[in-house]
Amino acid sequence: MNNIKICIIGGGISGITCAKILKENGIDVDVFEQSNQLGGLISCEIHKGNLFHKVGGHVFNTKSKKVNDWFWSYFSKEKHFLSAKRNASIFLDDVFIPYPIELNISRIKDKEISKNIILDLIEISNIEKNKEYLSFDDFLKCNFGNTLYDLYFKPYNKKLWKKDLSTIPLDWLDGKLPMINPKEIIIKNINFHKSDGMPHQYFYYPKNGGSQFIIDRLAKGVNINHSKVFKIKYDDGFFINSFRKKYDYVIYTGNLKKIRNLFDKSLIKSFQIHNELEIINNLRSNGTFNVLCECDKNDYSWIYLPEKKFLAHRIIMTGNFSEKNNDKRLKKNRSTCVVEFSGEYKFDEVKSELSELPFNLSPISFNFCKESYVINDFKSREIIDKIKLNFQLNKIHLCGRFAEWRYYNIDNCIEASMKVCDKILFDKN
Ligand SMILES: Cc1cc2nc3c(=O)[nH]c(=O)nc-3n(C[C@H](O)[C@H](O)[C@H](O)COP(=O)(O)OP(=O)(O)OC[C@H]3O[C@@H](n4cnc5c(N)ncnc54)[C@H](O)[C@@H]3O)c2cc1C
């Protein structure tokens, strides 16, 4: 068991983290990445001199000390990164309301609506909370009231998830939204302090190259094979495509729904999860359509767009994350940003909307990513965990956002990768 060989499928943050940790523990690892560029969702390209986060705009932060220590052992905060304060806003009724909206109710233009939001909050703050929320929808209504739900939470989240919110379970929310109760919301609206709102107030961002810099630096020294894995045979070890090298373990970071056709049918049959694999076939995910634009200079980091009249749900001011993201030839009063649309669009379908949005946007480039947001339903978690365990018992580890079907951020992916590596290293010894 000493000279074990491990094959990692996928060169996104999950795959590269696993590779780095295992390699540093003396293990022979190969990463297979189908694209000619590493990074998966966090990959970036230069378009007309500007950095394009092809999927949204990626910044790094974490609450986990273990992840933090590991990450910063490869980078220098001072030399490689910039630290920025989040400055997010909601664009509603032609005004910019600081994020989160529930703590800035006086900034809502329609005063009748802000009055009704406060009345709702007073009413729901008197209701004894001893129930479990039935769904995401139930959670939002119970905590923010129907007026704020209808004004902001429902339209924004419907755009993003493209799904009835009462069919979305709550577990993906952990740490993603500030969990404060209606009474606190009312008090904080009177004594608002800027640090009240966000779970992550500050973030780090590379001086050069965006998140592509992160992945490329982490991947230094890792053996990468830029091939798509389409078949994994099992014969007392794993064989990839037609390569002859035998691997003792596989770490899979691609889409969970594709595992069934990837591995030897006879091997999967022996796992006795036939029904579960059928069920996960119905899992849904959303893609995103992203448009890199030139825009007027501003000091925002994110702008949320809840209104139905816009198809887009967010503008990410990537040009503000680092000045180096902008082409040197841009005029002094111009910067760049990414406009994000959930779902599949053609450029012609969104072109006219860009001129309706603030900041005088002019498009530079666009990209459609087929798989960006995982969507869970009430049964899926248990089923996925069973599949994961069955694979793990057979030395196949599922790791990452789409392999585990979890609403992971970069830091969650690193944490999940650490767990997989700990397990393999423990088995080895
Ligand atoms: C719009 C958006 C914005 C986000 N913003 C942030 C943010 O600001 N901060 C943050 O921390 N997180 C953010 N996230 C989350 C973050 O992008 C993901 O958690 C993370 O990138 C997932 O990494 P991964 O390695 O698990 O998966 P992926 O990035 O999907 O990587 C999987 C890799 O596997 C490869 N692959 C798949 N199948 C095969 C095969 N058969 N053969 C070979 N290669 C294969 C793919 O090509 C891909 O490169 C955001 C996500 C989205 C969608």
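This is a predicted model: local features need pLDDT of at least 70, side-chain atom pairs count only at pLDDT 80 or more; totals for chains, interfaces and linings use all residues.
**Entry 1: strand 6**

I started with strand 6, which covers residues 88–92. Is this strand mostly covered or mostly open? I found it mostly covered, with five of its five residues buried. Then I sorted the residues by face. Ala88, Ile90 and Leu92 sit on one side, while Ser89 and Phe91 sit on the other. Both faces are covered.

Next I looked up its partners. Which strands does strand 6 pair with? One is strand 15 (residues 302–304), which pairs with strand 6 in the parallel sense over three bridges. Another is strand 7 (residues 95–98), and here the pairing is antiparallel, over four bridges.

**Entry 2: strand 13**

I moved on to strand 13, residues 249–252. Both of its faces are covered too. Tyr249 and Ile251 are buried on one side, and Val250 and Tyr252 are buried on the other.

Strand 1 (residues 5–9) runs parallel to strand 13, and four bridges join them. In that pair, Ile6 has Tyr249 as its bridge partner. Strand 19 (residues 396–398) also pairs with strand 13 in the parallel sense, over three bridges. There I noted Tyr252 opposite Leu398.

**Entry 3: helix 1 and its neighbours**

Helix 1 takes in residues 13–24. I looked at how it packs against two other helices.

With helix 7 (residues 210–218), the axes come within 9 Å and cross at roughly 30°. Why do I call them roughly parallel? Angles under 35 degrees count as roughly parallel, and helix 1 and helix 7 are therefore in that group. The crossing is left-handed. On the helix 1 side, I listed Ile13, Ile16 and Lys20; they meet Ile215, Arg217 and Leu218 of helix 7. That contact divides into four nonpolar, no polar and two charged residues.

With helix 14 (residues 410–428), the axes come within 8 Å and cross at roughly 40°. Helix 1 and helix 14 are therefore oblique to each other. Helix 1 passes helix 14 in a right-handed crossing. From helix 1, the contact residues are Ile13, Ser14, Thr17, Cys18, Ile21 and Leu22. From helix 14, they include Ile410, Cys413, Ile414 and Ser417, and also Met418, Cys421 and Leu425. By class, I have ten nonpolar, three polar and no charged residues here.

I noticed that Ile13 turns up in the contact with helix 7 and again in the contact with helix 14.

**Entry 4: Arg329**

Last, I went to a loop. Arg329 lies between helix 11 (318–321) and strand 17 (334–342). Is Arg329 buried or exposed? It is exposed, because its relative accessible area is 66% and the cut-off for exposed is over 50%.

Then I asked what Arg329 touches. Leaving aside neighbours within four places in sequence, Arg329 is in contact with Lys48 and Gly49. I also looked up Asn50: it is 279 residues from Arg329 in sequence, but the C-alpha to C-alpha distance is 9.8 Å.

How values were computed:
Residues are numbered from 1 along each chain as its sequence is written. Side-chain values use heavy atoms; hydrogens and water are left out. Buried means under 20% relative accessible area, exposed over 50%, partly exposed in between (1.4 Å probe, protein chains only). Two strands pair if DSSP finds at least two bridges between them. Axes are lines fitted to C-alpha atoms, for helices over the stretch in contact, and angles run from 0 to 180 degrees between N-to-C directions. Angles under 35 degrees count as roughly parallel, over 145 as roughly antiparallel, 65 to 115 as roughly perpendicular and the rest as oblique. A crossing is left-handed if the near helix is turned anticlockwise from the far one by less than a right angle, and right-handed if clockwise. Contact means heavy atoms within 4.5 Å. Ala, Val, Leu, Ile, Met, Phe, Trp, Tyr, Cys and Pro count as nonpolar, Asp, Glu, Lys and Arg as charged, and the others, Gly among them, as polar.
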